[in-house]
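Please consult the sequence and the structure while reading.

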Amino acid sequence: MSVFARVHMPSLGGATEWLNFEPLGPAELRGHVVVVNFWTLTCINWLRQEPYVRAWSQAYRDDGLVVIGVHTPEFSFEHDIDGVRRATKERAIDYPVAVDNDYEVWSAFDNHFWPALYFVDADGIIRDAHFGEGRYEESERVIQRLLDVEREPVSVEGRGVEAEADWDQLRTPETYLGNLRSERFGSPDRLPLNHWALAGEWTIGRESVVLDQAGGSIAYRFHARDAHLVLSRGVGEPISFRVVLDGHAPGPSHGVDVDEDGNGLLGDGRMYQLVREHDAVRERTLEITFLEPGAEAYAFTFG
């Protein structure tokens, strides 16, 4: 367990809304061990961590544990409360979620990461913290020590977008597409490994690229088991898209958001899993073509 100064858990009073529960303050949390989990709905690192947080909440709530999710948006469309509600339902989150659209809770904790875990004892003192994925067994042991219980760690297996990355084969980093943080932009005619390119008429904005005319596409040369793209349709009707790998439909190793022919439907903002390899992982080229204008693409992530 990390050594912390006697720092009291900051207030959650800056939350703009609460899901699954009434607002929680010092009176409601007094005497409980608390885990505070900062997340945002399209963060691949949080998605892969969430099965553990969900399992801890269910396994230890009768021992006095309260898990609180704090949703602080990274991208502008993640401020939409309906999107947060949908993500909460899709991930089967049944613990309280504080919606932090104004970053007040984030700032009160002086937090800088998605995901972030803060472990708080029954006296309201932060006793440990962890940022990013991993360290799951140690984090669970922290919870057990704070609760004064001892048992075997819970068994967790993430599925779909929650599946742990294939770290031994992962060669491609997360890549942002807007001009604020974009990297490794290339040409569709010559695309080196870990570079991406646009074809068609696009507007490159601060945090995303937006398709102006139907038929535009995004290509990425990657080396990973899974490939995901954070997408939003902006305002309007759902947008059809098609995915190909090395010029062919993905087939039986498709992702969870496209069929085996590579066809998908872009609705509200979320992270779409486009490829899930079942064969040997190797260098591939992914191309996504949008059949109507208005698609917004924010970031590629891989696993």
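Q: In this predicted model, how many bridges join strand 2 to strand 3?
A: Strand 2 covers residues 33–39 and runs parallel to strand 3. Between them the chain passes through helix 2 (residues 44–60), in a right-handed β-α-β crossover. The number of bridges joining strand 2 to strand 3 is seven.

Q: Which residue of strand 4 stands opposite G69?
A: Strand 3 also pairs with strand 4, in the parallel sense and over three bridges. The chain crosses from strand 3 to strand 4 through helix 3 (residues 81–90), and this β-α-β crossover is right-handed. In strand 4, the residue opposite G69 is V97.

Q: Are the residues of strand 3 that point either way buried or exposed?
A: L65, V67, G69 and H71 point one way from strand 3, while V66, I68 and V70 point the other way. Seven of the seven residues of the strand fall under the cut-off for burial, so strand 3 is largely enclosed by the rest of the structure. Residues on both sides are therefore described by one word: buried.

Q: Which side chain of opposite charge is nearest to D100?
A: D100 is found in the loop between strand 4 (97–99) and helix 4 (104–108). Its side chain makes a polar contact of 2.9 Å with that of T72, and the residues D100 touches include H71, T72 and W106. D100 is buried yet has no salt bridge. The nearest side chain of opposite charge, 16 Å away, is that of R181.

Q: What separates R54 and E50 along helix 2?
A: The side chains of R54 and E50 meet in a salt bridge of 3.9 Å, N to O, and both residues are buried. Because R54 and E50 lie four residues apart in helix 2, their separation is about one helical turn.

Q: What is the relative accessible area of D82?
A: D82 and R85 meet through their side chains in a salt bridge of 3.1 Å, N to O. R85 is partly exposed, with a relative accessible area of 37%. D82 is likewise partly exposed, and its relative accessible area is 46%.

Q: How many residues apart are R284 and D246?
A: A salt bridge of 2.6 Å, N to O, joins the side chains of R284 and D246. The pair links distant parts of the chain, with R284 in strand 16 (residues 283–290) and D246 in the loop between strand 13 (239–245) and strand 14 (263–266).

Note on methods. Residues numbered from 1 in each chain as written. Predicted model: local features only at pLDDT ≥ 70, side-chain atom pairs only at ≥ 80, totals over all residues. Heavy atoms only, no water. Helix = DSSP H or I, 4+ residues; strand = E, 2+ residues; numbered from the N terminus. Buried < 20%, exposed > 50% of the residue type's maximum accessible area, 1.4 Å probe, protein only. Lys, Arg positive; Asp, Glu negative; His and termini not counted. Salt bridge = Lys/Arg side-chain N within 4 Å of Asp/Glu carboxyl O. Polar contact = N/O pair within 3.5 Å; in protein donor to acceptor, adjacent residues only side chain to side chain. Contact = heavy atoms within 4.5 Å. Pairing = 2+ DSSP bridges. Right-handed = clockwise from strand over helix to strand, strands pointing away. Lists of a residue's contacts leave out its neighbours within four places in sequence.
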